[in-house]
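Biologist: Hi! I'm new to this one, could you walk me through it?
Modeller: Happy to, let me bring it up.
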Amino acid sequence: MRRALTARAMRETTRLRAVRAVETSRTVHDRARGAETERATTGEARETHTARRTFTAADCVAFAALTGDANPIHFESADEDGGGRLGGRAVHGMLAASGFGALLAKVAPGTVYASQELKFRRPIRVDEEVEIEIALVKRSGTRAKYETVVCRVACGTVCIDGFALALLPE
């Protein structure tokens with residue numbers, strides 16, 4: 001049953017990404033902010049921000065020290081040779097997801113990161129480059145909803161996705 005749920009979740013993620021099929025255009029103002037304005041096929045504009053990051057073994061050690069999460073899948077173990085349940089050493093999912101808040105704070109300083117819904121689709125390996133993306137879905141006054149995605153740079157596989165609610169500065 002778990003495999004059926006995972007396959008269904010992957011199909012849904014693929015469908016959502018297909019619906020978001022876009023032509024990317026960058027205006028002078030967007031370049032100055034480091035943002036990309038995407039125009040969906042419906043003609044609506046979406047503000048998207050991305051950052052790339054490679055999480056190291058030292059990052060995992062520091063995160064474990066702060067949180068107390070010393071699960072062996074994040075450290076030297078039988079998984080080191082690429083075997084095991086996750087196919088190698090895995091970065092803490094919440095460490096990778098913390099990139100959403102960091103990116104949002106960089107884009108809109110003073111933002112309050114109010115809530116986050118996450119789905120952990122695939123493990124991120126230590127020393128694997130990922131792209132962290134937030135895309136504005138809806139804004140109402142100072143409230144904003146963002147789609148959040150972490151994917152592997154090498155192959156585009158979605159590792160983490162979800163939605164975040166932020167309270168923007170006035």
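Here is our chat about the fold, the core and the charged pairs.

Biologist: What should I know before I look?
Modeller: This is a predicted model, where local features need pLDDT of at least 70, side-chain atom pairs count only at pLDDT 80 or more, and totals for chains, interfaces and linings use all residues. Residues are numbered from 1 along each chain as its sequence is written, and side-chain values use heavy atoms, with hydrogens and water left out.

Biologist: How many helices and strands are there in the chain?
Modeller: Four helices and seven strands. Helices (H or I, at least four residues) and strands (E, at least two) are DSSP runs, numbered from the N terminus. Along the sequence they follow the pattern α-β-α-β-β-α-α-β-β-β-β.

Biologist: And what share of the residues counts as buried?
Modeller: 35% of the 170 residues. Buried means under 20% relative accessible area, exposed over 50%, and partly exposed in between (1.4 Å probe, protein chains only).

Biologist: Which strand is largely enclosed by the rest of the structure?
Modeller: Strand β6, residues 143-152, because eight of its 10 residues are buried.

Biologist: What does β6 pair with?
Modeller: β6 runs antiparallel to strand β5 (residues 129-140), with 10 bridges joining them. β6 also pairs with strand β7 (residues 158-167) in the antiparallel sense, over nine bridges. Two strands count as paired if DSSP finds at least two bridges between them.

Biologist: What do the turns look like?
Modeller: β5 and β6 form a hairpin with two residues between them, and G141 in that turn has a positive phi of about 65 degrees. The hairpin of β6 and β7 has five residues between the strands, and there G156 has a positive phi of about 80 degrees.

Biologist: Changing topic: which residues touch the most other members of the largest nonpolar core?
Modeller: V91, F100, I124, Y146, V150 and I160, out of 24 residues in that core. The elements giving two or more residues to this core are α3 (57-67), α4 (93-107), β5, β6 and β7. Of these, α4 gives the most, with six residues. A nonpolar core here is a set of buried Ala, Val, Leu, Ile, Met, Phe, Trp, Tyr and Cys residues joined through side-chain atoms within 4.5 Å.

Biologist: What is Y146 in contact with?
Modeller: Leaving aside neighbours within four places in sequence, the contacts of Y146 include L104, I134, L136, F163 and G162. Contact means heavy atoms within 4.5 Å.

Biologist: Is G162 buried or exposed?
Modeller: G162 is buried, with a relative accessible area of 8%. This glycine, G162, is found in strand β7. The C-alpha atoms of G162 and L118 are separated by 4.5 Å, although the two are 44 residues apart along the chain.

Biologist: How many salt bridges does the structure hold?
Modeller: Four. A salt bridge is a side-chain nitrogen of Lys or Arg within 4 Å of a carboxyl oxygen of Asp or Glu. One of them joins the side chains of D161 and R121 (3.1 Å, N to O). That pair links distant parts of the chain, with D161 in strand β7 and R121 in the loop between β4 (112-120) and β5, 40 residues apart. Both D161 and R121 are buried.

Biologist: Which residue does R152 meet in a salt bridge?
Modeller: E128, at 3.2 Å, N to O. R152 lies in strand β6 and E128 in the loop between β4 and β5, so the pair ties together parts that are 24 residues apart in sequence. R152 counts as buried at 11% relative accessibility, and E128 is buried at 18% relative accessible area.
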